[in-house]
Amino acid sequence: MQDSCKPKTGETLPFGYNKRTNTVETSKADFPLADSGMYQLDITLKRGQNLAARDRGGTSDPYVKFKIGGKEVFRSKTIHKNLNPVWEEKTCILIDHPREPLYIKVFDYDFGFQDDFIGSAFMDLTSLELNRPTDITLSLKDPHYPDHDLGSILLSVLLAHKEGQKEVTMLMRKSWKRSSKFQPQSLRLSDMHRKSQLWRGIVSITLIEGCELKPMDANGLSDPYVKFRLGHQKYKSKIVPKTLNPQWREQFDFHLYEEHGGIIDITVWDKDAGKRDDFIGRCQVDLSVLSREQTHKLELQLEEGEGWLVLLVTLTASTAVSISDLSVNSLEDQKEREEILKRYSTMRMFHNMKDVGFLQVKVIRAEALMAADVTGKSDPFCVVELNNDRLLTHTVYKNLNPEWNKIFTFNIKDIHSVLEVTVYDEDRDRSADFLGKVAIPLLSIQNGEQKAYVLKNKQLTGPTKGVIYLEIDVIFNAVKASIRTLMPKEQKYIEEESRLSKQLLLRNFIRMKRCVMVLINAAYYVNSCFDWDSPQRSLAAFVLFLFVVWNFELYMIPLAFLLLLAWNYFLILSGKDNTQHDTVVEDMLEDEEEEDDRDDKDSERKGFMNKLYAIQEVCVSVQNVLDEVASFGERIKNTFNWTVPFLSWLAIVALCVFTVILYFIPLRYIVLVWGINKFTKKLRSPYAIDNNELLDFLSRVPSDVQVVHYQELKQDPSHSPNKRKRNNPG
């Protein structure tokens, strides 16, 4: 038998499941409400009966998961090749209140593949009688096939008030048992918490090219890419296929924490599909020997290999990031506020183009956080992120309603950046536990307003327990922000790697299909005009076609886009917005959360078998391509739908300029200027980084998935701690 105990509290029920299905009859009105303390739920998982077969041999390898509030609290051992398994495993769970039902899921274990779903059931804990053991048989159902008989699970359950502290064995949450490659950010939090939070400078690196690299493939060439590392910071370049003299022209920044600089480790690799990448060579850059505020061109010979790399490295001091208490507020000091406003005034629009604006974040407090420790408390701290800038608050120990009262200031490089505030529970002996997160686009912030944000889960698709109170101020130069919109977007160097997910693949396919269907429906509409299905409509289309073709000028193309933007804008002003909130993406995201639970494997699992590695890599690539295509179409749609008014206004300004240019200047001269610029660009600026202004603009427009991520959740007043105190004065 196995014993485990872990406090878990709550979220919402899984999507698409009926509470009345497979639950014990409820009697919540008769259940006593505890004024304080917690409940202990002792469960004995006895056996399963007549489970559904999921393997080719007509059997299954079943195991069981218990979840409360969307959080996994127990996982049983796997019984191989048995439809009537006997587990006899015990676990104890600490809960705030039995109002959250117990959700039971049964899976069939498949080595090297995704585990198959067998069935699930709910158990309403409020129907249990306190301090009395109860034997329960739950029929398993699949919400997609409610009429199928999938077998049953037998449990013995005892619910009691928790009297004092009891020795229990921790069961680590599944989400923190994954390998480090899936959780690079969370695994570094404990290390970052010990280090200095403020950086002393910025290292700007431009990777230009490689020369005469060592051939690693049978065709006498290589597919090289470069990895950079400075402390905990990492960056990986793009892959340049089939060359020994690659041209990268990529720019990125590292933060400099050391007073006397540091060492940048650089390694060059050859990409090989389906097997381990080949090592080409390595080199280092000692930042302590480089002078500040000056760009250095470095030609670095590769050690343990052949060839060299060409880099541009610039060290600059940074004073725009700070942490302080609420008593030290830059914007409340009238003199400092005037200096900040002057720095980003219209008169200084062409001074230091990378310094777009100023962000001040007040992290005030949080309420009703999730209990992550066996004591029923948490040790919460906040991580505030803006692109690659990351700062931490102090930890408030043993508190579910912490007060931090800290002010963070950031230098804004891109007004389309998203501020991310994540709450973690500090654990001294292991990685921090995730408690909740919010993502706030800078353009959606209302200055000086103290606001309560409902915390979301890791995927930002639904609520988790608790709210956080923030007050945010943004000051920026609109001209700099507009110009910056047409430049390459800053890449985050700490991100989770993509992994294969059937649900994510399906979601991206459906998104792309929806975009393609818009074009297909438009083609059907035009074809219906040709077929005269509606004589009035066809006649009107025919007259319009003759008029447009006879009088067509190029300036009419941006003018048509202008009219479309203006039409949607007036629809929004008149309250007749034709862009109703689309719940399809939200539904798919909630389904993806269910899929994540099925994708979880044992921590000792090392990965897919070697022969499946190439298939997985191809599937991940297809998955990412589908995401890019779907996002591209959605970004175009959201530009005209005024999803981000700043970008729509910027599009109006650009389209007006294009309309005037095309109206007054003949097309041949415009094409001539464009061609001369393209042909002479490398001659005028040898190290210029190639970019496409239109694609850079669209990269700032959120896709439908990002719109859901950034959508604010309404706070449920019934969960407010202050209201509970008023309702329970005793």
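Start at helix H9, residues 645–664, which gives the most to the nonpolar patch, with seven residues. Helices here are DSSP runs of H or I, at least four residues, numbered from the N terminus. This is a predicted model, where local features need pLDDT of at least 70, side-chain atom pairs need 80 or more, and totals for chains, interfaces and linings use all residues. Residues are numbered from 1 along each chain as its sequence is written, and side-chain values use heavy atoms, without hydrogens or water.

Select Val653, Val657, Phe658, Val660, Ile661, Tyr663, Phe664, Ile665 and Tyr669: they make a nonpolar surface patch of about 890 Å². Zoom in on valine 660, in H9. Valine 660 counts as partly exposed because its relative accessibility is 46% (buried is under 20%, exposed over 50%, partly exposed in between; 1.4 Å probe, protein chains only).

Go inside next. The largest nonpolar core has 47 residues, and Leu359, Val363, Ile468 and Ile472 have the most contacts inside it. H9 gives the most to this core too, with six residues. A core joins buried Ala, Val, Leu, Ile, Met, Phe, Trp, Tyr and Cys residues through side-chain atoms within 4.5 Å.

Pick isoleucine 468. Beyond its neighbours within four places in sequence, its contacts (heavy atoms within 4.5 Å) include Val363, Cys382, Trp404 and Tyr453. Apart from this core lies another, of 31 residues, Ile43 and Met123 among them.

Finish at helix H6, residues 556–573. Its 18 residues reach 25 Å from first C-alpha to last, close to the expected 26 Å (1.5 Å times one less than the number of residues). Pro558, Leu562, Leu565, Asn568 and Leu571 are buried in H6. Just after H6, glycine 575 takes a positive phi of about 80°.

Methods:
Helices (H or I, at least four residues) and strands (E, at least two) are DSSP runs, numbered from the N terminus. Patches are made of residues with over 30% relative accessible area and no salt bridge: like charges are joined within 9 Å, nonpolar side chains (Val, Leu, Ile, Met, Phe, Trp, Tyr) within 5 Å. Accessible areas come from the Shrake-Rupley method with a 1.4 Å probe; for residues, only the protein chains shown count as cover. A salt bridge is a side-chain nitrogen of Lys or Arg within 4 Å of a carboxyl oxygen of Asp or Glu.
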